[in-house]
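Open the model in your viewer and keep the selection tool at hand. Each stop below tells you what to pick next and what is there.

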Amino acid sequence: MDSIVVTGGNELKGQIPIAGAKNACLTLMPATLLSEEPLTLTNAPRLSDIVTMTTLLRSLGVEADVKEDGRVLALSSQALTSHRADYDIVRKMRASILVLGPLLARDGVAEVSLPGGCAIGARPVDLHLRALEALGAELDLRDGYVHAKAPGGLKGGRVEFPLVSVGATENVLMAATLAKGTTTIENAAREPEIVDLADCLRRMGAQIEGDGTSSITVQGVDRLGGASHPVVTDRIELGTYMLAPAIAGGEVECLGGRIDLLGAFCERLDAAGVSVEETSNGIKVARRNGHVRAVDVTTAPYPGFPTDLQAQMMALMCVAEGISTLHETIFENRFMHAPELSRMGARIYVQGGTARVTGVEKLRGARVMATDLRASVSLILAGLAAEGTTQVSRVYHLDRGYEQVEQKLRGVGAQIERVQEP
Ligand code: UD1
């Protein structure tokens with residue numbers, strides 16, 4: 001198994017290219033199921049989660065041609081051979097549930113394994129199911145699978161989510177494009193990945209209004225066509241690398257970055273004393289006067305502070321001056337990085353959904369373990385600022401969501417390498 005070894009202490013200087021968004025790509029790929037004509041996605045990230053989604057789509061009969069070293073995905077769903085998403089794939093990646101809406105919309109039938117729990121919480125899919133029922137789907141849960149039918153096709157309906165869900169909004173948005181009549185989605189997620197999906201669906205011929213707000217209207221059409229669509233920039237990868245010079249010192253320009261993707265996060269960085277400047281190529285980040293102040297953070301759906309950047313922000317707060325409080329409101333068990341950061345000398349007290357972090361002058365390198373995707377990168381960020389060497393094991397989590405993390409950080413002067421553990 002691979003691990004990553006970081007030796008802290010180097011200031012960072014230079015540019016880091018930001019890839020296309022994992023979470024956008026994972027919802028754009030199943031959109032191919034809505035049309036018999038080809039869908040080409042450009043600016044795709046090269047990640048193991050994308051490989052998993054490719055495997056899932058192929059198992060349904062999708063032809064997937066991975067070109068330009070993984071940057072371009074040419075997908076064709078001309079002839080589907082299966083409507084079943086198997087447990088073995090779904091348990092690896094929850095985003096597999098995103099094939100449910102498109103399969104139902106296209107052929108009126110789908111069988112998708114229930115994903116079960118995951119490290120950061122229970123994460124049910126009830127909102128996905130209720131929303132599809134509002135469009136006339138008949139669902140039966142047995143043998144660990146959702147067996148879904150829509151014999152006369154889906155019909156437009158009114159969906160009002162009791163809480164904001166990115167995935168459920170995506171699933172019902174895709175399904176509604178081919179449903180008969182009008183669908184309204186209230187309390188919809190507003191994430192940039194939703195807007196990117198709506199843009200792609202519009203290119204395919206869908207009629208969608210209101211994406212980016214909490215009220216989306218979809219006018220169903222008889223068929224969708226082919227399209228070519230560039231995947232939006234990965235705002236979580238962007239935020240992660242923006243934190244690198246804030247933690248380690250120096251100045252880094254994140255190429256392709258845009259402040260509008262991360263408004264609340266940039267505001268917190270600014271309050272912490274980190275300068276965030278938009279340039280013609282992206283976003284340039286450096287500490288304003290050499291040190292960072294503690295700030296409080298509360299995660300929330302977009303445009304709030306993203307839960308997917310909470311672990312990385314905690315790494316910064318570990319070396320900030322003062323005491324900060326981080327409230328996690330999206331997932332119930334998302335502080336697993338805290339005990340690992342404590343092994344590096346951080347002072348963190350967790351109670352329920354709140355972590356109180358007292359900044360220390362220096363972290364110390366240690367052997368630590370990655371528990372999920374974002375937790376693993378927070379340990380690498382902490383390692384950049386720690387005295388000595390930090391070894392992060394179980395980095396397969398990292399490869400789900402960060403491409404070439406060692407190369408990108410080495411490119412700005414970090415001392416970091418991947419080693420094979422015996
Ligand atoms: C997506 C992102 C993930 C991010 C999360 C929140 C992808 C592939 N993943 O996950 O990286 O952390 O948004 O920004 O895009 N919930 C229910 N019932 C449901 C669905 C969700 O109770 O049917 C709850 C979840 O347990 C969670 C909250 O709603 O507490 C938000 O989850 P959701 O927005 O659905 O997250 P995902 O789409 O799974």
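Select cysteine 266: it counts as buried, at 7% relative accessibility. Buried means under 20% relative accessible area, exposed over 50%, and partly exposed in between, with a 1.4 Å probe and protein chains only. This is a predicted model, in which local features need pLDDT of at least 70 and side-chain atom pairs count only at pLDDT 80 or more, while totals for chains, interfaces and linings use all residues. Residues are numbered from 1 along each chain as its sequence is written, and side-chain values use heavy atoms, with hydrogens and water left out.

A disulfide is a covalent bond between the sulfur atoms of two cysteines; here the term is used for a pair of cysteine sulfur atoms within 2.5 Å. The structure holds zero disulfides. Next select cysteine 318, which is buried as well, with a relative accessible area of 0%.

Now go to strand S1, residues 2-7, and pick serine 3 in it. Strands (E, at least two residues) and helices (H or I, at least four) are DSSP runs, numbered from the N terminus. Serine 3 counts as buried, at 0% relative accessibility. Show glutamine 391 too: its side chain makes a polar contact with the side chain of serine 3, at 2.9 Å. A polar contact is a pair of N or O atoms within 3.5 Å; within protein, one must be able to donate a hydrogen and the other to accept it, and residues adjacent in sequence count only if both atoms are side-chain atoms.

How many residues surround the ligand? There are 17, and the closest are Asp126, Leu127, Ser165, Asp308 and Ile330.

Look at the ligand's oxygen atoms. One is 2.7 Å from a backbone N or O atom of leucine 127. An oxygen atom of the ligand is also 3.0 Å from an N or O atom in the side chain of asparagine 23. For valine 125, a polar backbone atom is 3.5 Å from a ligand oxygen.

Finally, colour helix H5 (126-134) and helix H6 (166-177), the elements that give two or more residues to the shell around the ligand. H5 provides the largest share, three residues.

Definitions and conventions:
Near = heavy atom within 4 Å.
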